[in-house]
Amino acid sequence: MCLAIPALIVEKKGSWAKANVGGIVREISLELIDRPADVGDYVLLHAGFAIHKLEKEDAEETLRLMREVFG
Amino acid sequence: MRFAEEFRSRELVKSIADRIRQKCQKQWTLMEFCGTHTVSIFRHGLKSMLPDGVKLVSGPGCPVCVTSKTDIDKILALCDIPDAIVATYGDMMKVPGSKFTLAEKRAQGADVRVIYSSYDAIELARENRGRKVFFIGIGFETTAPSTAAAVRRAKEMGLQNFKVLSLHKLTPPVIGALLEGDCAVDGFICPGHVCSIIGAKPLEPIASGYGKPCVVAGFEPGDVMQAILMLVAQLEEGRSEVEIEYVRGVTYEGNSNALKIMEEVFDITSSEWRGIGVVENTGLVLRGEFADFDASPYVPQQIRSEPDPPGCKCGDILRGEMLPPDCPLFGRLCKPSSPIGPCMVSSEGSCATYYLYARSEKWMNL
C-alpha cells in the first residue's frame, strides 16, 4: 500500500501534470511534492500524487556505495 | 537513470549479500516493518542469499492488516446508509469484518467504488451531489497527505457531501509500542515511502532511546540488501543510529509541504491496531474546522465486533513474534482464496506473501 513508483513528467500545467508511469501516461497532482519538478524530471508517484522529486545524483550515490567492495 | 532497474541487478545484490556474510559474526533478528519490503524480499528470493546469522521477521507495516475489525465494521455500516457511495482503495475489498467483506457488501447491492486516488472520490462527490460519498482514508504517512489534500479541496469546492472516515495510522510510535512488548528484534528495516513524507528524523527515539538501529530502505532488491548490510554493520560495530539507504527517496527532514497539509487537516489521536491494541499518538482525525467532512458522525455508535476466529495468529505475526507458517490455520484453512485473517487478505500481508512465494518445505523453515 505504501508503494510509490518513479514517474517521468511529460507535461505540466500549474499543480497538475501528465506523467509516464511504466509506459502509461496519466494525470497526477504536484500539490504534495517536496521541491519544484518540471517536464523531464522523475518523481515518486503514490496514489495519484507526486510526493518526492528524484535526483540523479542521489541515486548514483547509492549505486556507488553498493558497488564498493569491502565497504 | 530510471531510478528502479539500476537497483535490481542480480550481481549487485549477490555482491552485497557476500559482504553481509563477511560482516556478520553473531545472530541478528531484523524486522522489515513494511509489507512492501516483505513482498520485495520474497519476490527476489533475498532470504536464500542471507547468512544463517541474519533472520528477518515481518512487522505491522500493512495498513489493511492492522485495521481493527471494529473499523472494518464501521466501513460496512456506512454501506447501509441510503444513497451512500463508499469509495475505497482496492486493498480493502476482501478484508473480513465481523459478518462480511466490502466485496460481499457490494455483491449484496451496496454502492462501493474502488478508486486509485483520493481525488477520484472528490470527482465522485462532484458528480453525485445528492448522495454522500464516504472516502475510506486508510494508510500510513505515505497516504495521509493525499487524504488531507482531498479534504482541503472538498472545503474549497464546498462539497459538503464528501466525507472521510480517517483510519490513517502513524508509524514511528508503533515501533516504540512493539519494543515495549516482547519484540525480540535487533534492528529495523524502515519504510522508505513513509519516510519520504516524515523524513528519517522521527526514528531517532528508536535508535537512541531503545538502542535499535534503524535503516530507511528503498524497495528494489539492491536497496533491501544494502539496508540489511548497513544494519548488520551497525550491530556488529555496536552502533545504534538512524541511517538512510534510500537516499534518492528520503531526506532526514522529510517533505515539509506534505507534513504541513497533514498538520493543517488532521489532529493526532490514539488508534487501535489489530494484534497490538490501542496505541497513543498513532491515529489521525479531522480537525474541528474540517468537521463537516468527517464521516464519523454517520457511523452507528454501538458496533459490536466479533472476536477473531479461533486459531488465527495474525496478532502474533503482526508483532513479529511468529512467522506465518507457524500459524495452525496457515495454508490449511486460511488461504488467499479463502482468507480467515487480514494478513492473508492483503497482497502485502505477510501470510499472503509467504503463501504465494514460500510454500515449499525448504522455505517454510526460514
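The 9 positive and 12 negative charges of chain A have mean positions 4 Å apart; Lys and Arg count as positive and Asp and Glu as negative, with His and the chain ends not counted. Each charge is placed at NZ of Lys, CZ of Arg, CG of Asp or CD of Glu. This is a predicted model, in which local features need pLDDT of at least 70 and side-chain atom pairs count only at pLDDT 80 or more, while totals for chains, interfaces and linings use all residues. Residues are numbered from 1 along each chain as its sequence is written, chains are lettered from A and ligands numbered from 1 in the order in which they are written, and side-chain values use heavy atoms, with hydrogens and water left out.

**Chain A**

- Chain A has 5 strands and 1 helix, in the order β-β-β-β-β-α from the N terminus; helices (H or I, at least four residues) and strands (E, at least two) are DSSP runs, numbered from the N terminus.
- Along the principal axes, its C-alpha atoms fill a box of roughly 45 × 25 × 20 Å.
- Of the 71 residues in chain A, 46% are buried, that is, under 20% relative accessible area with a 1.4 Å probe, protein chains only.
- Contacts (heavy atoms within 4.5 Å) between residues at least 6 apart in sequence join residues at least 24 apart in 31% of cases in chain A.

**Interface of chains A and B**

- The contact involves 36 residues from chain A and 49 residues from chain B.
- Between them the two chains bury about 3,600 Å², with 64% on carbon and sulfur atoms; buried area is the accessible area (1.4 Å probe) that two parts lose on being put together, summed over both.
- On the chain B side, B:Phe3, B:Arg19 and B:Tyr116 lose the most area to chain A, together 18% of what that side buries.
- There are 2 salt bridges between the chains, each a side-chain nitrogen of Lys or Arg within 4 Å of a carboxyl oxygen of Asp or Glu.
- A salt bridge joins the side chains of A:Glu31 and B:Arg152, at 3.9 Å from N to O.

**B:Glu32**

- B:Glu32 belongs to strand S1 (residues 28-34) of chain B and is buried, at 1% relative accessible area.
- Leaving aside residues up to four places away in sequence, B:Glu32 touches residues including B:His37, B:Leu56 and B:Ile189.
- B:Ala217 is 185 residues from B:Glu32 in sequence, with 9.4 Å between their C-alpha atoms.

Notes:
Buried means under 20% relative accessible area, exposed over 50%, partly exposed in between (1.4 Å probe, protein chains only).
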